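Please keep the sequence and the coordinates in view.

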Amino acid sequence: MSVPCVESTALIAILFERTNAHDLEGLVACFAPDYALTNPIHPARDFVGTEQVRRNWQALFSGVPDLCASIHDVVADGERVWVELALHGTRRDGVAVHLAGVQVFTVRDGLVQGCRFYLEPVEPIGHPGLDADGAVRQAVGRP
């Protein structure tokens, strides 16, 4: 049975509220016991179960005490919720953290059942990264 969009997006809002409150137990409670994270860009990071959710967020809350998540946009279609988001804060060693990307959640029976995870570090402004032409040249193996 599909969850209506309102309920799906409400759960995602709660998920982000608990993230920003650093409410580890409340956050973990949003996930189904057999929750599955799929990371298409880094498949070795895929996992199933809430124990890994707990370990990940416990480490993030501890290592980045001012960690904050923000939602830029949300699109829901039944049990699927696409979220464009950013995470930012400062690690205990003073290094800034800024991640951005998209998460595609599957929400069923009032819990997050799965997520396709596309979150990567943001290059700092002024960073000598590749421009669009350079990135394409690198992708096709041309100098």
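The lining of the largest pocket divides into 18 nonpolar residues, five polar and two charged; here Ala, Val, Leu, Ile, Met, Phe, Trp, Tyr, Cys and Pro count as nonpolar, Asp, Glu, Lys and Arg as charged, and the others, Gly among them, as polar. The model is predicted: local features need pLDDT of at least 70 and side-chain atom pairs pLDDT 80 or more, whereas totals for chains, interfaces and linings use all residues. Residues are numbered from 1 along each chain as its sequence is written, and side-chain values use heavy atoms, with hydrogens and water left out.

The 25 lining residues include Asn-56, Trp-57, Leu-60, Phe-117 and Leu-119, which lie nearest the centre of the largest pocket. Two or more lining residues come from each of α1 (5–20), β1 (31–38), α3, β4 (80–90), β5 (96–108) and β6. The volume of this pocket is about 600 Å³. A pocket is an open set of points on a 1 Å grid over the protein atoms alone where a 1.4 Å probe fits, with protein on both sides within 12 Å along at least five of seven lines; lining residues have an atom within 4 Å of a point. The volume is the space filled by probe spheres set on the points, which are joined across faces, edges and corners.

Helix α3 has 14 residues and reaches 20 Å from its first C-alpha to its last, close to the 20 Å expected at 1.5 Å a residue, the expected span being 1.5 Å times one less than the number of residues. Helices (H or I, at least four residues) and strands (E, at least two) are DSSP runs, numbered from the N terminus. The buried residues of α3 are Thr-50, Val-53, Trp-57 and Phe-61, where buried means under 20% relative accessible area (1.4 Å probe, protein chains only). Seen down the axis of α3, these buried residues fall within an arc of 50°, so they line one face of the helix; the arc is that of the directions from the axis to the C-beta atoms.

Three aromatic pairs are found in the whole structure. Rings of Phe, Tyr and Trp (its six-membered ring) pair if their centres lie within 6.5 Å, with planes under 30 degrees apart counted as stacked, over 60 as edge-to-face and the rest as tilted. Phe-31 and Tyr-35 pair edge-to-face, at 4.7 Å between centres and 70° between planes, and both are buried. Trp-57 and Phe-61 form a tilted pair, at 5.5 Å and 45°; because they are four residues apart in α3 (residues 50–63), about one helical turn separates them.

Conventions: Buried < 20%, exposed > 50% of the residue type's maximum accessible area, 1.4 Å probe, protein only.
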